[in-house]
Amino acid sequence: MTTPRLFGSLPGNGSASSHGADAERPLSELSLSFVPLAVVAEWTRCSEAADFVARYFAHDFGDRELAGNVLSTVVNELLENAVKFSSDKTVPARLIVREYAERMSIVSRNVTSPRQAAAFGDAVARLAHGDPEQMFADRIASPPETGGAGIGLIMLRKDYGAKVGVRVTPADGEGTAIVDVEVEIDNREVEGT
Amino acid sequence: MSLFEREQYSVECAAGSDVAVLRGVMRLASPSAYDAVFAPVRTLIESGRASTVDMSGVSFMNSSGIRALASLVLLAKEKSTPLQMVANDGIPWQKKTLASLRAISPGLTIASR
């Protein structure tokens with residue numbers, strides 16, 4: 001049996017596959033499965049999918065335009081991450097978005113190499129405890145493809161107060177790892193209040 | 001309007017003008033993908049003339065774009081080119097990102113539209 005490793009500021013129950021029976025029941029939920037290779041072939045699919053998801057949930061917020069803009073920004077970053085970090089771009093990746101009374105939870109799942117998964121998890125763990133403004137400045141000053149947590153996740157933390165957590169589950173015998181990235185945002189941030 | 005008719009983005013910087021105008025949805029696949037798109041802005045900044053980048057019409061910019069934008073801000077700082085960015089405070093990413101860019105380059109001025 002493989003044991004997941006948890007990184008970051010979440011309790012680690014973020015998963016693209018299910019949520020526990022005793023967990024808070026979401027008010028609304030939407031999931032997508034997509035083949036990363038198809039997104040690489042037509043990159044605007046990322047943006048179009050993000051906009052669709054954002055509009056779906058924005059109906060539940062007072063200022064739909066504002067909420068839609070924030071949600072599209074967050075979802076797009078997670079979709080882009082899942083595509084870019086997929087080691088086998090023919091294996092479907094997933095996105096699951098859940099709306100709760102006081103927060104939104106956005107989870108992406110993709111497969112990657114164990115090494116990249118570990119580096120990513122370590123970077124997310126640092127993100128949970130570091131100063132996001134300083135991390136943003138450091139990231140800007142570093143080469144673009146440095147690896148680890150991308151500037152997108154840093155910005156979600158810096159700009160929207162997002163909690164970011166990662167679950168890395170080894171896929172036995174295949175030399176790959178399943179990475180679930182969960183971003184949680186307070187609904188007040190979504191509404192800009 | 002056709003389902004696929006929506007313009008994604010545009011960058012306008014007329015020859016001799018000190019103003020570059022960005023519009024639309026800027027979500028290119030990587031920071032390097034922005035090189036060609038931002039080339040006119042880079043040329044403007046490298047000229048050393050006081051430069052303005054109006055991004056108030058950019059509804060979305062992904063993190064790759066923000067990284068590319070930050071490189072322009074750092075270029076202006078390196079070249080001592082006065083740089084102003086025009087933002088729309090009603091668009092969340094603009095307000096938040098520009099504040100962070102100003103922290104990196106205090107000489108950056110921001111005008112709101």
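Two residues are in contact if their C-beta atoms, placed from the backbone, lie within 7 Å. The legends below refer to a predicted model.

**Figure 1. The contact between chain A and chain B in the predicted model.** Chain B contributes 19 residues to this contact, and chain A contributes 24 residues. On the side of chain B that touches chain A, helix 3 (63-79) and helix 4 (92-104) of chain B each supply at least two residues. Helix 4 of chain B gives the most to this side, with 6 residues. By class, the residues on the side of chain B that touches chain A comprise 11 nonpolar, 5 polar and 3 charged.

**Figure 2. The elements of chain A.** Chain A contains 7 helices and 6 strands. Read from the N terminus, its elements follow the order β-β-α-α-α-β-β-α-α-α-β-β-α. Chain A has 193 residues, of which 46% count as buried. Among contacts in chain A that link residues at least 6 apart in sequence, 73% join residues at least 24 apart.

**Figure 3. The crossing of helix 2 and helix 3 of chain A.** The axes of helix 2 (residues 44-58) and helix 3 (residues 64-84) of chain A come within 7 Å and cross at roughly 140°. Helix 2 of chain A and helix 3 of chain A are therefore classed as oblique to each other. The crossing of helix 2 of chain A with helix 3 of chain A is right-handed. From helix 2 of chain A, the residues that make the contact include Cys46(A), Ala50(A), Val53(A) and Phe57(A). From helix 3 of chain A, they include Arg64(A), Gly68(A), Leu71(A), Val75(A) and Leu79(A). By class, the contact of these two helices of chain A has 12 nonpolar, 4 polar and 4 charged residues.

**Figure 4. The open sheet of chain B.** In chain B, 5 strands form an open sheet in the order 1-2-3-4-5, and their pairing is mixed. Strand 1 (9-12) and strand 5 (109-112) of chain B are the edge strands, each of which pairs on one side only. On average, neighbouring strands of this sheet are turned by 20° against each other, direction ignored.

**Figure 5. The pairing of strand 1 with strand 2 of chain B.** Strands of a sheet pair through backbone hydrogen bonds, either parallel or antiparallel. Strand 1 of chain B and strand 2 (residues 19-26) of chain B run antiparallel and are joined by 4 bridges. Leu22(B), in strand 2 of chain B, is the bridge partner of Val11(B).

Note on methods
Residues numbered from 1 in each chain as written. Chains lettered and ligands numbered in written order. Predicted model: local features only at pLDDT ≥ 70, side-chain atom pairs only at ≥ 80, totals over all residues. Nonpolar A, V, L, I, M, F, W, Y, C, P; charged D, E, K, R; others polar. Axes fitted to C-alpha atoms, helices over the stretch in contact; angles between N-to-C directions. Parallel < 35°, antiparallel > 145°, perpendicular 65-115°, else oblique. Left-handed = near helix turned anticlockwise from the far one by under 90°. Pairing = 2+ DSSP bridges. Buried ≥ 20, exposed ≤ 12 C-beta atoms within 10 Å, placed from the backbone.
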